[in-house]
Amino acid sequence: MIMLRLIDKFFPPNIVYAHCDVPCGIYDPHEAQMAAYTVLRMTQMIMELKASSEDPVFDERKKIISQIARLTKVKEDHAEVVKHQVRVIWGDYFKPEHLTNYKNLHDLVFKIMKQASSAKQNVDVKACQDLIANVQKFAENFWESKGRKTVRISSGYPTEGELILPQ
Amino acid sequence: MEPLYREREHVLTFNWASVQTRDVIVFKIKDRFYIKRINRVEGGKIVVTGDNKKMSSKFAPVDFRQVVGRVILKY
């Protein structure tokens, strides 16, 4: 490794980027929907956790705490994915002219940001369902703005619910 | 591409074999090099994604001829 670094000092390698600054036109709210359902599922799994008694032994406590930590981590991460994906489509894809047809777009995105935060802060199934509903509205607006009709299909996820897809 | 590849790390690529799904590749678009992971091959093009889902920007599918090589070493 040191040798390779030394060679690179004399023959500098090309710089490689992990991100592009060029809008490629590839946008899809599907990932936001999937992430929103993951937030719901993690919330459900946290709520489903049960101890064997009111005062479980220390080993069982450790196991439960560990499980809650893991589920919470995934919940947090996916709520951030929802926010990121929606922000990218809102900020990069939607243009001022779209606002004529989607007057509530800014308000909808604002609600999604707040609901994703609320889903992170709490263990609240209703907050997650509200988040999913608004992400679905956002997905419908997105596809409609591209002249595509949408269909609602069964998600097939353990959470049940529907996904918005272009026809 | 975090956490596997971080800023200022160096990578070595190999281009004597065909690339496969899940390989990390370097490809070139308009004189600029990019590093991404192959998600799938669709319609003769390579669909790439970043490991860091929070930060990754989306790329249009990449042509095979744009691939510089598969990343085989990080140093």
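## Helix packing in chain A

In this predicted model, α4(A) passes α5(A) in a left-handed crossing. Helix α4 of chain A spans residues 105-121 and helix α5 of chain A spans residues 125-145. The two pack at an angle of about 150 degrees, with their axes 9 Å apart. Angles over 145 degrees count as roughly antiparallel, and α4(A) and α5(A) are therefore roughly antiparallel to each other.

On the α4(A) side, the contact is made by Leu105(A), Leu108(A), Val109(A), Lys111(A), Ile112(A), Gln115(A), Ala116(A), Ser118(A) and Ala119(A). The α5(A) side contributes Ala127(A), Cys128(A), Asp130(A), Leu131(A), Asn134(A), Val135(A), Lys137(A), Phe138(A) and Asn141(A).

## Aromatic pairs

Over all chains, the structure holds 10 aromatic pairs. One of them is formed by Tyr17(A) and Tyr34(B), whose ring centres are 6.4 Å apart and whose planes are at 55 degrees, so the pair is tilted. Tyr17(A) belongs to strand β1 (residues 16-17) of chain A, while Tyr34(B) belongs to strand β3 (residues 32-42) of chain B, so this pair joins two chains. Tyr17(A) is partly exposed, at a relative accessible area of 31%, whereas Tyr34(B) is buried, at 4%.

Tyr93(A) and Phe94(A) also pair: their ring centres lie 5.0 Å apart with the planes at 70 degrees, so the arrangement is edge-to-face. Tyr93(A) is buried, with a relative accessible area of 12%, and Phe94(A) is buried as well, with 7%. Tyr93(A) and Phe94(A) belong to one aromatic cluster together with Tyr27(A), Tyr102(A), Phe138(A), Phe142(A) and Trp143(A). Phe138(A) is also among the α5(A) residues that make the contact with α4(A).

## Charges over rings

Within chain B, the charged end of Lys74(B) sits over the ring of Tyr5(B), at 5.9 Å from its centre.

## A buried loop residue

Thr159(A) lies in the loop between β2 (150-154) and β3 (162-166) of chain A. Is Thr159(A) buried or exposed? Its relative accessibility is 13%, and residues under 20% count as buried, so Thr159(A) is buried.

Apart from neighbours within four places in sequence, Thr159(A) is in contact with Tyr37(A), Leu40(A), Arg41(A) and Gln44(A).

Key:
Residues numbered from 1 in each chain as written. Chains lettered and ligands numbered in written order. Predicted model: local features only at pLDDT ≥ 70, side-chain atom pairs only at ≥ 80, totals over all residues. Heavy atoms only, no water. Phe/Tyr/Trp six-rings, centres within 6.5 Å; stacked < 30°, edge-to-face > 60°. Helix = DSSP H or I, 4+ residues; strand = E, 2+ residues; numbered from the N terminus. Buried < 20%, exposed > 50% of the residue type's maximum accessible area, 1.4 Å probe, protein only. Lys NZ or Arg CZ within 6 Å of the ring centre and 35° of its normal. Contact = heavy atoms within 4.5 Å. Axes fitted to C-alpha atoms, helices over the stretch in contact; angles between N-to-C directions. Parallel < 35°, antiparallel > 145°, perpendicular 65-115°, else oblique. Left-handed = near helix turned anticlockwise from the far one by under 90°.
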